[in-house]
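Q: Could you walk me through this one? I'd like to go through the helices and then the charged pairs.

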Amino acid sequence: IGGMYQQRTETRDMLISQHRDLYLAIIEGRAEQAREVSTRHLLYVQEVLEEVRQEVQRVARAERRKGM
């Protein structure tokens with residue numbers, strides 16, 4: 001998802017690690033592990049996107065308050 005690598009360093013590192021783990025599981029034919037890794041990855045991405053959404057809302061509220 002565009003821009004996720006631009007998030008915090010820890011987010012970027014986690015995404016790269018998850019992608020690497022998924023790639024290796026697929027290449028090595030470990031289907032069940034690939035399924036588990038992909039599920040964890042998707043949950044993580046959802047969490048990060050929710051954090052970003054909340055931050056955007058927080059900033060928008062703060063900007064509205066400034067304009068009052």
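This is a predicted model: local features need pLDDT of at least 70, side-chain atom pairs count only at pLDDT 80 or more; totals for chains, interfaces and linings use all residues.

Q: Which residue does Arg-30 form a salt bridge with?
A: Its partner is Glu-28, with the closest N and O atoms 2.5 Å apart; Glu-28 has 48% relative accessibility and therefore also counts as partly exposed.

Q: Going back into helix 1, which of its residues are buried?
A: Those are Thr-11, Leu-15, Gln-18 and Ala-25. Viewed down the axis of helix 1, they fall within an arc of 100 degrees, so they line one face of the helix.

Q: What do they pack against?
A: The buried residues of helix 1 pack against helix 2, residues 31–67, while the face of helix 1 turned away from its buried side carries the exposed residues Tyr-23 and Ile-27.

Q: Back to charged pairs: how many salt bridges are there?
A: The count comes to five. Among them is Glu-32 with Arg-35, whose closest N and O atoms are 2.6 Å apart, and another joins the side chains of Glu-50 and Arg-53 at 2.4 Å, N to O.

Q: Where do Glu-50 and Arg-53 lie?
A: Both are in helix 2, three residues apart, which is about one turn of the helix; Glu-32 and Arg-35 are likewise both in helix 2 and three residues apart. In general, an α-helix has 3.6 residues a turn, so residues three or four places apart point the same way.

Methods
Residues are numbered from 1 along each chain as its sequence is written. Side-chain values use heavy atoms; hydrogens and water are left out. Buried means under 20% relative accessible area, exposed over 50%, partly exposed in between (1.4 Å probe, protein chains only). Helices (H or I, at least four residues) and strands (E, at least two) are DSSP runs, numbered from the N terminus. The arc is that of the directions from the helix axis to the C-beta atoms. Contact means heavy atoms within 4.5 Å. A salt bridge is a side-chain nitrogen of Lys or Arg within 4 Å of a carboxyl oxygen of Asp or Glu.
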